[in-house]
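The exercises below are meant to be worked through with the sequence and the three-dimensional view side by side.

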Number of protein chains: 2
Amino acid sequence: MRRTSRERKDKVTVKDMVVDMARRAREASRVLALQDTGAKNRALDLIADRIEAEAGRIQAENMKDVEAARTAGLSASMIDRLTLSDKILASMAGGLRDVAALPDPVGEVTGMWTRPNGLQVGRVRIPLGVIGFIYESRPNVTVDAAALCLKSGNAVILKGGSEAIHSNLALAGIIGQALEQAGLPPAAVQVIPTTDRAAVNEMLALDDLIDLIIPRGGEGLIRFVTENSRIPVLKHYKGVCHVYVDQSADLDMAVRIAFNSKVQRPGVCNALETLLVAEAEADAFLPRAAEALEGAGVELRCCPEALLRLPGRKAAVESDWPAEFLDLILAVKVVSGLEEALDHIARYSSQHTEAIVTSDYERARAFLARVDSCVVLVNASTRFSDGGELGLGAEIGINTSKLHAFGPMGLVELTTTKFIVFGSGQIRG
Amino acid sequence: MRRTSRERKDKVTVKDMVVDMARRAREASRVLALQDTGAKNRALDLIADRIEAEAGRIQAENMKDVEAARTAGLSASMIDRLTLSDKILASMAGGLRDVAALPDPVGEVTGMWTRPNGLQVGRVRIPLGVIGFIYESRPNVTVDAAALCLKSGNAVILKGGSEAIHSNLALAGIIGQALEQAGLPPAAVQVIPTTDRAAVNEMLALDDLIDLIIPRGGEGLIRFVTENSRIPVLKHYKGVCHVYVDQSADLDMAVRIAFNSKVQRPGVCNALETLLVAEAEADAFLPRAAEALEGAGVELRCCPEALLRLPGRKAAVESDWPAEFLDLILAVKVVSGLEEALDHIARYSSQHTEAIVTSDYERARAFLARVDSCVVLVNASTRFSDGGELGLGAEIGINTSKLHAFGPMGLVELTTTKFIVFGSGQIRG
């Protein structure tokens, strides 16, 4: 009995804390929405300065997390991601200054027109309000997300991974001081100061205080958030990206693009996972592609038709087609042509990123029109599917739901528009 | 036991049916997304022609609903909304032809730019995919919603109120025949052929097949849908709209705007519910406003300060401030000035529509900037907060969540954009 009542008490405490943070975030968002660009940029620069000035203190807190991770036996790559090295701290400060240099989307009038009755109607960009950002281990994400939310005029509540709690709280302290120094409400950026996962559930229920949830992490985290949220969630589950080598493709280009898409950074969501090859080019293309890819250590998992051209390789099984390997593994399938490629993509893609390599005008157009993914490329690497590379300036995430912002999301995608109407006494007849 | 097993069987059947409809809608959406404007317009015109040609058959089915409503003792206004009179049928056909005449948002390239590496990056408008539309009694909504979804290239699954089931199925039959005649997939517009509410729950779980849910109806329906959906929901719960009469207002204009906002159509979401008056104008304005409003049968519910100017009226209670009366009732509050008006609006508004009547430049600007509602007006009636009146051409609903489309939604708001990238062999370094 004592334990149950204790548990209940803890739960109430977590709930109260999260609700209180969300209320303060809501108030801060009202102030932040009205700040001019200069005020927001000053705050971003001050955060950058303080991160540099207090690197030692941040790293001391970070070391607590790193030691706990070592004690808990986390993998070397996990510990690497957790570690705030001098280089990472410098890139965090640089990232803040880069965001300060980006154009401010807030206040842009995206259109204005006059109605027959003389009403002048416009749409003006405004911040979304309060964003809940839920993520896993990397503490540098704390600063990246805070910078983008701040610049777009949104308050943000950050819930990082429990293994980064000391690092995140140290960064939150520094951000809060910088905000205060800049004359902005410190509640504009808040880190939830607990590792209790119940805090996530409490956040996801606050649809009257939080406008948007962005989860970033593994598929498990993202599914949990999506299934438990009453607040709109922008996210992608995974990136099962395809390159289709058309019968008209320049094969040198096709090898280069397939190689870059798969090998340049295999552990990310815009890396290539399945290579589709038109039958007419399979004999010429596959051995050359295999030589390049296998030279970089890529394991090929081949359909029967591909195996004919690449004897001795591993046979693909059904579960390879929808797989996001995030590793040096590539599924390879020979298709009769564009139609079969489109069918395969419609069936297995995650609506993230697909590319065609072709020299045929009509098939390039057909691929662009008919692939239902947020980024569709002709004759370019899938690795360009990224907010920065596409020219958005920065990226807070990639959304594969059709709502609000399909695809990589930058500062503009952290805003919405409201209607403003200038009248001179009009009434409706 | 027999009953339980029967119930389980029914549930499985409803689920199977809804999943099957959603799958066919998804397939139809792929075809519809690629149709040119002419093909979609032809289908809209054919639906209009058939509605006119088969008016008798539609009205015979409608009569079954009307008679059932009479037997069930529904109110006269409910029966009126349910009835497909000659006039309503003519306006449905006219509405279809109006939608055919609107510009097609699909295929618009909303921007295109070239990256330093020569990649040409653009954003092109595409349909959302499959829309689930859940509504209450009026069967004409079936046709309105189908028209807007069709024109914007979206398949739609319609779940109307049980009291309109015969009317809706008759209309669905006609729409399906017209789609077939136009060479479009009939599954592009489907009406769920059951009055079983379980069908709604089944729909709301299909986040892999349905892209967007739009509920239209009372607050109870909308809360139910929001709380049970895994699919993004665009909606507003209610419209608690304010007019603030500033100390600089032209009082003739202020009376005219308050009167029009409240009286012209009191039962709709953009009707005025609370009138705020700057103290400096309260003596001069309130008696004149009361004369006009009370002359039209409006009951005033006044704050103590307003009661001083309008003795003998009803005193407002706390629950009047957040109330959507949808009736000839108006809450009236005297405020010290703009700041108190903004505070009141921030606290009680539903983020729908607010207007200021003023001749002061700075206060007009401050009101536009600081009111966090999807439509903010200066010197115009709140009744203009409507997709058609604002110039969107038509309206599928009004969304007071910040995501995707804040405010009245027309055809453009039923689309999203994807990134298209034209390369010449670029790879990432």
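**Exercise 1. Helix packing in chain B**

At what angle do helix α5 (residues 86-101) of chain B and helix α6 (residues 140-151) of chain B pack, and how far apart are their axes? Then work out how α2 of chain B is placed against α5(B).

Solution. Bear in mind throughout that this is a predicted model.

Step 1. Helices α5(B) and α6(B) pack at about 10°, and their axes lie 10 Å apart. Angles under 35 degrees count as roughly parallel, and α5(B) and α6(B) are therefore roughly parallel to each other.

Step 2. On the α5(B) side the contact is made by B:Ile88, B:Met92, B:Gly95, B:Leu96 and B:Val99, while α6(B) contributes B:Asn140, B:Val143, B:Asp144, B:Ala147, B:Leu148 and B:Lys151. Sorted by class, this contact holds seven nonpolar, two polar and two charged residues.

Step 3. For helix α2 (residues 37-53) of chain B, the axis comes within 8 Å of that of α5(B), and the two cross at roughly 170°. That makes α2(B) roughly antiparallel to α5(B).

Step 4. Among the residues of α2(B) that meet α5(B) are B:Leu44, B:Ile47, B:Ala48 and B:Ile51, and among those of α5(B) that meet α2(B) are B:Met92, B:Leu96 and B:Val99. The residues of this contact divide into ten nonpolar, one polar and three charged.

**Exercise 2. The side of chain B that touches chain A**

How many residues of chain B are in contact with chain A, and which element gives the largest share of that side?

Solution. 

Step 1. The contact involves 53 residues of chain B and 52 residues of chain A.

Step 2. The elements of chain B that give two or more residues to this side are α9 (219-228), α10 (251-263), α14 (361-370), β13 (375-380) and β16 (415-426). The largest share, eleven residues, comes from β16(B).

Step 3. By class, the side of chain B that touches chain A has 26 nonpolar, 17 polar and ten charged residues.

**Exercise 3. The relation between the chains**

What rotation and what shift superpose chain B on chain A?

Solution. 

Step 1. Chain B is superposed on chain A by a rotation of 180° with 0.0 Å of shift along its axis, at an RMSD of 0.0 Å. That is the relation of a two-fold axis.

Step 2. The residue of chain B that comes closest to this axis is B:His404, whose C-alpha lies at 1.8 Å.

Step 3. Because 98% of the interface residues of chain B are also interface residues in chain A, the copies meet through the same surface.

Methods
Residues are numbered from 1 along each chain as its sequence is written. Chains are lettered from A and ligands numbered from 1 in the order in which they are written. This is a predicted model: local features need pLDDT of at least 70, side-chain atom pairs count only at pLDDT 80 or more; totals for chains, interfaces and linings use all residues. Two residues are in contact if their C-beta atoms, placed from the backbone, lie within 7 Å. Helices (H or I, at least four residues) and strands (E, at least two) are DSSP runs, numbered from the N terminus. Ala, Val, Leu, Ile, Met, Phe, Trp, Tyr, Cys and Pro count as nonpolar, Asp, Glu, Lys and Arg as charged, and the others, Gly among them, as polar. Copies are superposed by least squares on the C-alpha atoms of residues with pLDDT of at least 70 in both. Axes are lines fitted to C-alpha atoms, for helices over the stretch in contact, and angles run from 0 to 180 degrees between N-to-C directions. Angles under 35 degrees count as roughly parallel, over 145 as roughly antiparallel, 65 to 115 as roughly perpendicular and the rest as oblique.
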